[in-house]
Amino acid sequence: MPINLKTPVVESREQRLGTIIAWDGTAEELAQQSGYAREGACGSCGPKARKLCEIQGPFTQGSICSEMMVECQAGNVRDAVTVQHSPIGCGVGQVIYNSIFRNGLAARGLPVQNLHLISTNLREKDMVYGGIDKLENSVRDAFERHHPKAIFIATSCATGIIGDDVDGAATKLEAELGIPVIPLHCEGFKSKHWSTGFDATQHGIVRQIVNKNPKKQEDLVNVINLWGSDVFTPMLGELGLRTNYVVDMATVEELAQLSEAVATVSHCFTLASYMAQALEQEYGVVEVKAPQPYGTVATDKWLREVARVTHREEKAEAYIEREHARIAPKLEELRGKLKGIKGYVATGSAYAHSMVEVLRELGVQVDGSLVFHHDPVYDSQDPRQDTLAHMVDNAGDVTNFSVSSRQQYQFYALLQKVKPDFIIIRHNGLAPLASRLGIPAIPLGDEHHPLGYQGLLNLGESILDVLAHKKFHQDLAAHTRLPYRKEWLAEPDPYILARPAVHN
Amino acid sequence: MTETVKEKTNSIEQIRYGCAIGALHTATAIPRVVPITHCGPGCADKQFMNLSFYNGFQGGGYGGGAVIPSTNATEREVVFGGADRLHELIEATLKVIDADLFTVVTGCIPDLVGDDVGSVVGEFQRRGVPIVYAETGGFRGNNFTGHELVVKAIVDQFVGEYEGPRETGTVNLWSLLPVHNTFWRGDLTELKRILEGIGLKVNVLFGHESKGVAEWKEIPKAQFNLVLSPWLGVSVAQHLEKKYGQTYLHIPAIPIGAKETSAFLRKVAAYAELPQEPVEAFIAEEERRYYLYLEDFSDFYAEYWWGLPAKFAVIGDSAYNLALTRFLVNQLGLIPGRQIITENPPDDVRESIREEYRRIAEDVSVEVDFEEDSWAIHNLIRETDFGHKPPVIFGTTWERDLAKELKGALVEVGFPASYELVLNRSYVGYRGALSLLEKIYTTIVSASA
């Protein structure tokens, strides 16, 4: 199904990909039931391969919303402003994404600055009479204050319900100000998973910012990532390629040249699926169809595919050989030290699949993993991007594989089943519980830390570091009380409250 | 001073408060009380990660952070209403979460589609479940007004009626906004300590020194309510006066330093009609220790070579702003350059706040600004004449670049303080004042070379 760029509203993940947020079983089963070439789609769900059986329970804990992902993507473009058309509460996100933005800029060696997000601060009266005047006012404020190269508008649950004509206002203001004014539809209630917010941002960028008449730059590769340290430049540099990092911390000009690149890669398909496919579809920018570059097997495949589509095969082979030889002794040493250690991965979906591969290559035992959602397919629908199947085929099954949208109450029983020595996380919310159970966490704030050949060694070292933290966590575990009822903590099945399977 | 002629905009850039549902922290700040949020999927996390995590990295505590139950409302709840979903969530919460009291707070979605939250919660209340609710949709107000709504909800729906006797010498303390104020835990501990020092029994109600809901049940028995803030909590005290016939003492300035704190304690003691001797004995002992440390500090203050700021600005909510300004002027002899109040206090209290600043000291009168939009705030600071050397700014993370631009020092004292780790640090009372001195001058000395 092609990506539809004609309408200003992005199609949600569940509409496009059949995304689910609750599921329990083995990784092998989930790979089987997902939409790629494998046989055996869920029988009870009908013929459409992408319809996965999803479980749904009455108890849910606070999750994350699409608007937050717009804030942390569009809101972190260096020379743009994002106007949050919402009551003031959505605006508090400015705090976290400012802190991350500042530290990301510092880590990447870019000038540190505060982000540019403006709340329209809607009040009770606006809920009755509409908030368009305030939106227009704030967009003009954004323009006068910062002279931005583009202005994004993030919608909210409130404006979605009252039905403000944000698209109309954006069109009018774009003509008035002479810069792209881009509505991003990201009402939290419209998608069950926050990654739709990534798509909303990317939808707006492809529609209104990328250069419509691109001049090809045959050595430029788009890297869709977050705030991670600059590991792609040296890697791609080995092949004589330049990087174009987007969306966080990019400039509008860097976003505009997305269509000029020769290829697109990413650190995670969950993040990059939509825009990488849209750029291929609209501008022939090749989305590199290879597993994500974590662990030697996937990194080899990834480099070879990058080299193939950019015609630099020889350089790649030499680099691969050199890197294998370079990391071998250290890898061996780490495997020795990590023998008998058990790890657990609890991160975003595609990223988790890769982390399991990295841990297993390091000799760490992985009996369980939790992902926040599952996309049965990514937008390309190309089986070479089937990260879950790649994990199963390359590194083996994970017997306790759970989809749980950051539901801490389920995490307790999941950890009891597996009893890991450490967990790997990115998002907040699960590590605090693990910590109170005596289990330390590695928070991968720098998403590139475990990437590529060096990433294997990086993660191995980080595991050794965090195992020492056990002293802290075990002391804490002996002196803490969990907010869950005894009966619940005694329950071995974290999905017991769920209703019989429903179809999404 | 340059006057900004442009009409005030609705825009708020670099926010300094959350919305009414941010008052979910009013529940999490009470031991073993857990909020239940009826709202979109991001609201609970947003208010926590920003008001608590990236504000001193305070931690979620027992029932905050990712523990918070939420309906995570979807299109279905928007189109068909979410009352059934809320009912289902509460029922399930009772099976999963171990709490002494649940506090339902609502977001924009149920408040706009008109869910009858009262009748859903009412059903559980009739079953004897300890649960209350407050309608805190984001468009209704900020987390300050939300706090008062939640407090009143707990009083009316959980504490309930009381006809019995009063306990002389017991006071309910209503002061800093929990969690939003980065230092609330340490400050409430210090306030409780000094009030107990003069012989009061203190229902501190929030934080690690609170006895949880048992203490809240004691509220009606207290002799009086003490409102220690420029305005927050006054409407709570008035509500309690009406409900329980309890009187209240309102002292706008939270005391920092011996001078302020001793005067504060004498005022409270007089109101509570405490015997004078033990009060004076406590004050004398606290002052003895305080002034020994102040003497130690004075060597640095008198002899440090490389220059210390003379003028200061405070950007923050009225409670800390007023408290800091009084301390910096009266204890340290600093010169106020600009004071900006950022929490959007109700119109009817603004004049009384202005009056407080007009009499900071006998010889010092300050005209205070009210502004929430950081763009305007930073311009006000840039327009200020700080004299021949850069100021020290008491502000937030938003001022990090501004302080560099002005070559001044920044002490992050309020939301958001994303570059501070705060556990039990306090800046108020006798002990907090010394920590504050350490913080201010460590910041300045540390940046000097």
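Predicted model: local features only at pLDDT ≥ 70, side-chain atom pairs only at ≥ 80, totals over all residues.
Guide: A crossing of two helices is called left-handed if the near helix is turned anticlockwise from the far one by less than a right angle, and right-handed if the turn is clockwise. Residues are numbered from 1 along each chain as its sequence is written, and chains are lettered from A and ligands numbered from 1 in the order in which they are written.

Visitor: What is the handedness of the crossing of H15(A) and H20(A)?

Guide: The crossing of these two helices is left-handed. Helices here are DSSP runs of H or I with at least four residues, strands are runs of E with at least two, and both are numbered from the N terminus. H15(A) spans residues 313–338 and H20(A) spans 452–468.

Visitor: What makes H15(A) and H20(A) parallel or antiparallel?

Guide: Their axes come within 9 Å and cross at roughly 20°. Axes are lines fitted to C-alpha atoms, for helices over the stretch in contact, and angles run from 0 to 180 degrees between N-to-C directions. Angles under 35 degrees count as roughly parallel, over 145 as roughly antiparallel, 65 to 115 as roughly perpendicular and the rest as oblique. Therefore H15(A) is roughly parallel to H20(A).

Visitor: Which residues in H15(A) and H20(A) meet?

Guide: From H15(A) they include Ile327(A), Leu331(A) and Leu334(A), and from H20(A) they include Leu457(A), Gly460(A) and Leu464(A). Residues are in contact if their C-beta atoms, placed from the backbone, lie within 7 Å. By class, the contact has 9 nonpolar, 1 polar and 3 charged residues. Ala, Val, Leu, Ile, Met, Phe, Trp, Tyr, Cys and Pro count as nonpolar, Asp, Glu, Lys and Arg as charged, and the others, Gly among them, as polar.

Visitor: What is the order of the 4 strands in the open sheet of chain A?

Guide: The order is S8-S7-S9-S10, with parallel pairing. S8 (242–247) and S10 (286–287) of chain A each have a single partner strand, so they stand at the edges, with one side left without a neighbour in the sheet.

Visitor: How do you know that S7(A) and S8(A) pair?

Guide: Two strands pair if DSSP finds at least two bridges between them. S7(A), residues 220–225, is joined to S8(A) by 6 bridges. Leu220(A), for instance, stands opposite Arg242(A) in S8(A). Helix H13 (269–283) of chain A packs on this sheet, where it touches S7, S9 (263–266) and S10, and its direction makes about 175° with that of S9(A).

Visitor: Which strands pair with S5(B)?

Guide: S5 (167–174) of chain B pairs with S7 (222–228) in the parallel sense over 5 bridges. S5(B) also pairs with S6 (201–203) of chain B, again in the parallel sense, over 3 bridges.

Visitor: How many residues of chain A are in contact with chain B?

Guide: 55 residues of chain A are in contact with 66 residues of chain B. H5(A) gives the most to the side of chain A that touches chain B, with 6 residues. That side of chain A has 23 nonpolar, 21 polar and 11 charged residues. Ile118(A) has Glu13(B) as its bridge partner.

Conventions
Contact = placed C-beta atoms within 7 Å.
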